[in-house]
Amino acid sequence: MTAPPPAVRSAHEADLDRIAQLEELAFVDPWPREMLAYELAHPHAVLLVASRTEGGPPDAYAAFRHAVGEAELLRVGVDPEARRQGLARALLVEGLERLRQLDVQVCFLEVRVDNKPAIDLYESLGFCCTGHRKGYYRDGTDALIFVLGI
Ligand SMILES: CC(C)(COP(=O)(O)OP(=O)(O)OC[C@H]1O[C@@H](n2cnc3c(N)ncnc32)[C@H](O)[C@@H]1OP(=O)(O)O)[C@@H](O)C(=O)NCCC(=O)NCCS
């Protein structure tokens, strides 16, 4: 039997603890809960969560920010146990659609040059590499800048 498509919805305050947990599971530099709460309340933020099953607890989340026609993907993180099941793709597709409805025309993101899963994900959605920042991250890793017209 094929798995049902991921369920994507807007994040709410009640999701904050789980999103903070997802940060810990997915990132070496997790955002603290206060920063997540700030983002959640920000009028120009789009925060989404995705679950493998409708009504289930969030297995992944994504955060975008937008202003005057431009957006940035700030975070996309998936529970390691829920990876390669289309959650990140579903989050980004929905997020980009919502941004389009907000009159956003272009979305940027930055990614570590050694993060192949994320780079493959972005390229599969049509993002193109438009820049390279040497030594951008605290540990000296370079960043790649990607862009997508939406
Ligand atoms: C990168 C990440 C978000 C991908 O999440 P995911 O839910 O597993 O991705 P999806 O299942 O939606 O995969 C979509 C596409 O991305 C690419 N992809 C995802 N994981 C990949 C991997 N490990 N290796 C190669 N390509 C990968 C593939 O093109 C995949 O399509 P396919 O499964 O049809 O081949 C996840 O690995 C993660 O949370 N990593 C840690 C946090 C992070 O690095 N975030 C991005 C920087 S902010």
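1. In what order do the seven strands of the open sheet stand? The order is β1-β2-β3-β4-β5-β7-β6, and the pairing in this open sheet is mixed. Strands of a sheet pair through backbone hydrogen bonds, either parallel or antiparallel. Here two strands are said to pair if DSSP finds at least two bridges between them. The edges are held by β1 (7-10) and β6 (128-133), each of which has a single partner strand, so one side of each is left without a neighbour in the sheet. On average, and with direction ignored, neighbouring strands of this sheet are turned by 25° against each other, where axes are lines fitted to C-alpha atoms, for helices over the stretch in contact, and angles run from 0 to 180 degrees between N-to-C directions.

2. A word on the basis of this note: the model is predicted, local features need pLDDT of at least 70, side-chain atom pairs count only at pLDDT 80 or more, and totals for chains, interfaces and linings use all residues. Residues are numbered from 1 along each chain as its sequence is written.

3. The secondary structure of the protein comes to four helices and seven strands, which follow one another from the N terminus as β-α-α-β-β-β-α-β-α-β-β. Helices (H or I, at least four residues) and strands (E, at least two) are DSSP runs, numbered from the N terminus.

4. As to overall dimensions, a compact globule of 150 residues would have a radius of gyration near 15 Å, and the protein, with 15 Å, agrees with this; the radius is taken over C-alpha atoms, and the globule rule is 2.2 Å times the number of residues to the power 0.38. Along the principal axes, the C-alpha atoms fill a box of roughly 40 × 40 × 35 Å. Buried residues make up 27% of the 150 residues, where a residue is buried if 20 or more other C-beta atoms lie within 10 Å of its own, exposed if 12 or fewer, and partly exposed in between, with C-beta atoms placed from the backbone.

5. Strand β2 pairs with β1 in the antiparallel sense over four bridges, with Arg 9 standing opposite Val 49 in β2.

6. Strands β3 and β4 pair in the antiparallel sense over eight bridges, and the bridge partner of Ala 67 in β4 is Glu 70. The hairpin of β3 and β4 has two residues between the strands, and in this hairpin Val 68 takes a positive phi near 35°.

7. Two further residues have a positive phi although neither is a glycine: Arg 84, at about 60°, and Asp 103, at about 70°. Arg 84 lies in the loop between β4 and α3 and is exposed, with 8 other C-beta atoms within 10 Å. Asp 103 belongs to the loop between α3 and β5 (106-112) and is likewise exposed, with 9 other C-beta atoms within 10 Å.

8. Glu 94, in helix α3, is partly exposed, with 18 other C-beta atoms within 10 Å. Leaving aside its neighbours within four places in sequence, Glu 94 is in contact with Val 8 and Leu 48, contact meaning that the C-beta atoms of two residues, placed from the backbone, lie within 7 Å. The C-alpha atoms of Glu 94 and Ala 7 are separated by 10 Å, although these residues are 87 apart along the chain.

9. Around the ligand there are 22 residues, of which Arg 83, Ala 88, Arg 89, Pro 117 and Leu 121 come nearest; a residue counts as near if its C-beta atom, placed from the backbone, lies within 6 Å of the molecule. The elements that give two or more residues to this shell are β4, α3 (87-101) and α4 (116-124), and α4 gives the most, with six residues. By type, the shell divides into 11 nonpolar, five polar and six charged residues, where Ala, Val, Leu, Ile, Met, Phe, Trp, Tyr, Cys and Pro count as nonpolar, Asp, Glu, Lys and Arg as charged, and the others, Gly among them, as polar.
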